[in-house]
Amino acid sequence: MFKTTTASMTAKKRRLVDENRKYREEREEKHFFVVQNTKLWCLIFHSKNIIVTEEDFHCTTLDSEDNFHVCWKVIELEDGDRDIIFKLEVKTHGYVGFGLSSNGGMAGSDIVTGWVKNGQVYFQDRYGEGNFLPKIDEIQNWNLVSGRENDTHTVLIFRRKLDTCDKEDRKIDDSTTKLIYAYSDEDPETENALVYHFERRGTKSVLLLQMRRSLPQEVDKSTLSHWDVLSPNFSIPSSETTMYWCKIYKAPDLSQKHHVVLMEPLIQEGNERFVHHILLYECVGGVAEVYDPHLDQHGHECHRPNMPDAMKKCEGIFLAWAVGGENLVLPEDVGLPLEPTPAKYYMMEIHYDNPAKVEGIIDQSGLRIYYTPKLRKFDAGTLMIGSTVSRRLIVPPGRKKYVVAGHSNPQCFDPALPKDGIQVLGLLFHAHLLGRHIKARHFRKYEELPPLGEDKNYDFNYQEYRYYQDEVRILPGDQVTVECTYDSRTRNFTTFGGESTREEMCLAFFLYYPRMERFASVSVPQFDVISEALRRNFTKVDMYRGHLEEELLNYNWKMANVDRIEKALRFGLHETHCYFGNGVKNSIKAPVSYPKVHGAYEEISECVYREFQKDLKNGGRKHYFGILMHLYLIFSFYILHIFY
C-alpha cells in the first residue's frame, strides 16, 4: 500500500494539482507496471514492449561508507515527453532523503523523502529553502512507483518529468547536477517530524542526461590489442578530502598506425567511491629527452606551482571518464589514432575524493584502451577552444558573476577544415575553482545557432565528456565562443589565468572527426584593450616582466567600474593563438571578437508551449494575447537587426 502525502493547498493551485494527478494516473495505466523481487527489478512498457533491466541504468554510490546507492534512467515516452526514473537502495530502516541541487546546498533544491513503516510506504515531494526541514510541495510531481524494506535496506523507486514547469522543482537538463542525500535510522512519527540525520548526508556531481554510446553490434575485444594506463599503486592521502595526481605515460611502440576504438574505465574493486574522474591528456609535440625521465617516476600532484614543466605542456584531452560515466565506444567508421614509433606521450590525471579521510587506501585504477591495426575511415581528434592560458585572463575579486570569453578564429581553422566541416562527437568543459557556468556558443554567418553545450552548474571536481546524440557540425566560416562565468566573492585579490587551481582557465575540448591539422584556436584581449579598460598603459614588455600582474595585484577594484571593465575585456578585440597539429603555436594577425549576428539564440520554453496548447485545447484565450506579443517582440527584434 502506498501513501503519498501532500500539504494544504491554496485554491489557486488546486486545479493544477488535480490535472497533475490525472496525468500521473493516465501515464501509469498506459505505460508501465513494476515487477520486483530481491534479485531483479525491471520496468515493462506495454506500448513499446520494452523491458528495461537494472543493467540499462546508470548507477553510483553516493557515500564513502557504501550505504547509499542510486540508479537512474531517462525514458522516452510515446507522447514525445521524457521521464526520469530513480531507484534508491539505502542501508537503513529509517527515512531516506534524496534531492537535486545546483550547488550541493539545501536552498533551491528539489527533494524527496520516503520511508516504510508497518508495511506502508510514505513518500513526499519537497522543496528546500535553507538548512532546515524542506517543505512539502503543493504539487506532487515526483511520483512513487514502489517502495519496500528487506532485512537491511530501504528501496524506493520513483519518477517525474524532466521539466515539470513547477517553480518548486528543478528542471533536469544537460548541466551538472549535484545529487544530495541524507538518511536516518528512525522512521518519523509524522511527515513534519523527520529526525535530524547528523553526519549521514552528502553530495555527488553527475550528468543525469548522459546517454550511453554504443554500436549496433557488440565489439569483439578478442580481435583488439589493449593498453592499460594505471595509477602507480597510489596511496590516497587520509589527511586530505580531495587529491589530483598526475603521471606521464608513453603509448605502445607500434610498427604501423593503429586506431583506438574502445575505452573502458578500470576502477579498482572496493575503491569505486574514491575515484571521481580520470583524464588522459596528450602531450602535443612531446619529445623523448623531455618526457622519458618521467616514465619511471611515481608522478606529481597536479595543478601545483611546482608541477614539472613537461606536465604543463600536456594540454589536449585525449580520453575522459568520470563517476557515472560509461565505456567510450567510437562510431564504427571513426578511431583515435595511435601513431607508429616514435610513440607519443600522455599524462593521466586522477581525482581522488576521500571526504571521510579513510586511511590505508592504495589505488591502481585507470583506463583500458583498445586499439586495432584495421584502420577506420576517419581519424578522430580533439580541438581546444576558449581563452588562452595567460595572465591576460583577469578575474576581479568580490564578484558574484564575472564573464570571460574566448573565441575561435575562422582564419585559424578554415585553411584546415574539410569543405563539409567536422562532426563533433562530444564536449568537455574546463575551468578551475571559480568557474560556475560555461557555455559554448556557435555562430554561422549572421546567425547564432543553438549552443554546442552549456553547463549552468559547472563543478571543477566533476569533468566528463558530454556526448552528442544528434549530428553536430562545425563548418568553414563558423565561430565558436566559450563563455565562462566566475564567482570570486571568496577572494580579495585578483585572479589570473594559469595552470594552478588557484588560477583560472576557460576552455572547451571537442572530440571530433575527421582529424585536421589544428589542435586549438584560443584568444585573449589585446594589450591596448586591457590598457584602455584599466586606464593604464601596459605593453608586452610589462607582461613578460610581470609588471601587469604586479599592478593588478595592487589594483583598487573597489574604486573601479568593474562592469565597464568586464564588458571591455569580453567584447573588445582579442589576439588569436592558433595551435597546429604538432603543437606549434602561431599568432594570427587578424583580431577576433563576437561576430555580428541578427539576434542572440533564445531557447523556446517547453512550459510556455504546453500552457499555450492547453489553453487552445480548452478554448480559452487567457494566454493567447501574451504569447502573440512575445512572438511579435522577438520578430521585431530580428527585423531591426537585419535592417539597422
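# Disulfides, a sheet and a helix pair

Trainee: What hand does the disulfide of C246 and C302 have, and why?
Mentor: The torsion about the S-S bond of C246 and C302 is about 120°, so this disulfide is right-handed. Please keep in mind that we are looking at a predicted model.

Trainee: Which parts of the chain does that pair tie together?
Mentor: C246 belongs to strand 18 (residues 242–250), while C302 sits in the loop between strand 21 (300–301) and helix 3 (309–312), so the link ties together parts that are 56 residues apart in sequence. The sulfur atoms of C246 and C302 are 1.9 Å apart.

Trainee: Are C246 and C302 buried or exposed?
Mentor: Both C246 and C302 are buried.

Trainee: What does M311 touch?
Mentor: Leaving aside residues up to four places away in sequence, M311 touches C246, K247, I248, H300 and M347. One of these, C246, is the cysteine that forms a disulfide with C302. M311 itself is found in helix 3.

Trainee: And is M311 buried or exposed?
Mentor: M311 is buried, since its relative accessible area is 3%, and the limit for that class is under 20%.

Trainee: How far apart are M311 and H294?
Mentor: Along the sequence, M311 and H294 are 17 residues apart, and in space their C-alpha atoms are 9.4 Å apart.

Trainee: Back to the cysteines. How many disulfides does the structure hold?
Mentor: The structure holds five disulfides. As a reminder, a disulfide is a covalent bond between the sulfur atoms of two cysteines. Another of them joins C412 to C578, with an S to S distance of 2.0 Å.

Trainee: What is the torsion about the S-S bond of C412 and C578?
Mentor: That torsion is about 75°, so the disulfide of C412 and C578 is right-handed. C412 lies in helix 4 (residues 410–413) and C578 in strand 41 (residues 574–580), so the pair ties together parts that are 166 residues apart in sequence.

Trainee: Does C412 count as buried or exposed, and what about C578?
Mentor: C412 is buried, with a relative accessible area of 0%. C578 also counts as buried, at 2% relative accessibility.

Trainee: Which cysteine is joined to C59?
Mentor: A disulfide links C59 to C71, with 2.1 Å from S to S. This link is right-handed, with 110° about the S-S bond. C59 is in strand 5 (residues 58–61) and C71 in strand 6 (residues 68–76), so the pair ties together parts that are twelve residues apart in sequence.

Trainee: How accessible is C59, and how accessible is C71?
Mentor: C59 has a relative accessible area of 37% and is partly exposed, whereas C71, at 7%, counts as buried.

Trainee: How do strand 5 and strand 6 pair?
Mentor: Strand 5 and strand 6 pair in the antiparallel sense over four bridges. In strand 6, C71 is the bridge partner of C59, and a disulfide joins these two residues as well.

Trainee: What is the order of the strands in that sheet?
Mentor: The sheet is open and is formed by five strands in the order 5-6-7-13-12, with antiparallel pairing. Strand 5 and strand 12 (143–149) are the edge strands, each pairing on one side only. On average, neighbouring strands of this sheet are turned by 15° against each other, direction ignored.

Trainee: Why is strand 12 described as largely enclosed?
Mentor: Five of the seven residues of strand 12 are buried, so the rest of the structure largely encloses this strand.

Trainee: Now the helices. At what angle do helix 5 and helix 8 cross?
Mentor: The axes of helix 5 (residues 527–534) and helix 8 (residues 562–571) cross at roughly 170° and come within 9 Å. That angle makes helix 5 roughly antiparallel to helix 8.

Trainee: Which residues make the contact?
Mentor: Helix 5 contributes V529, I530, E532, A533 and L534, and helix 8 contributes R564, I565, A568 and L569. By class, the contact of helix 5 with helix 8 has seven nonpolar, no polar and two charged residues.

Terms used
Residues are numbered from 1 along each chain as its sequence is written. This is a predicted model: local features need pLDDT of at least 70, side-chain atom pairs count only at pLDDT 80 or more; totals for chains, interfaces and linings use all residues. Side-chain values use heavy atoms; hydrogens and water are left out. Axes are lines fitted to C-alpha atoms, for helices over the stretch in contact, and angles run from 0 to 180 degrees between N-to-C directions. Helices (H or I, at least four residues) and strands (E, at least two) are DSSP runs, numbered from the N terminus. Angles under 35 degrees count as roughly parallel, over 145 as roughly antiparallel, 65 to 115 as roughly perpendicular and the rest as oblique. Contact means heavy atoms within 4.5 Å. Ala, Val, Leu, Ile, Met, Phe, Trp, Tyr, Cys and Pro count as nonpolar, Asp, Glu, Lys and Arg as charged, and the others, Gly among them, as polar. A disulfide is a pair of cysteine sulfur atoms within 2.5 Å. Buried means under 20% relative accessible area, exposed over 50%, partly exposed in between (1.4 Å probe, protein chains only). Two strands pair if DSSP finds at least two bridges between them.
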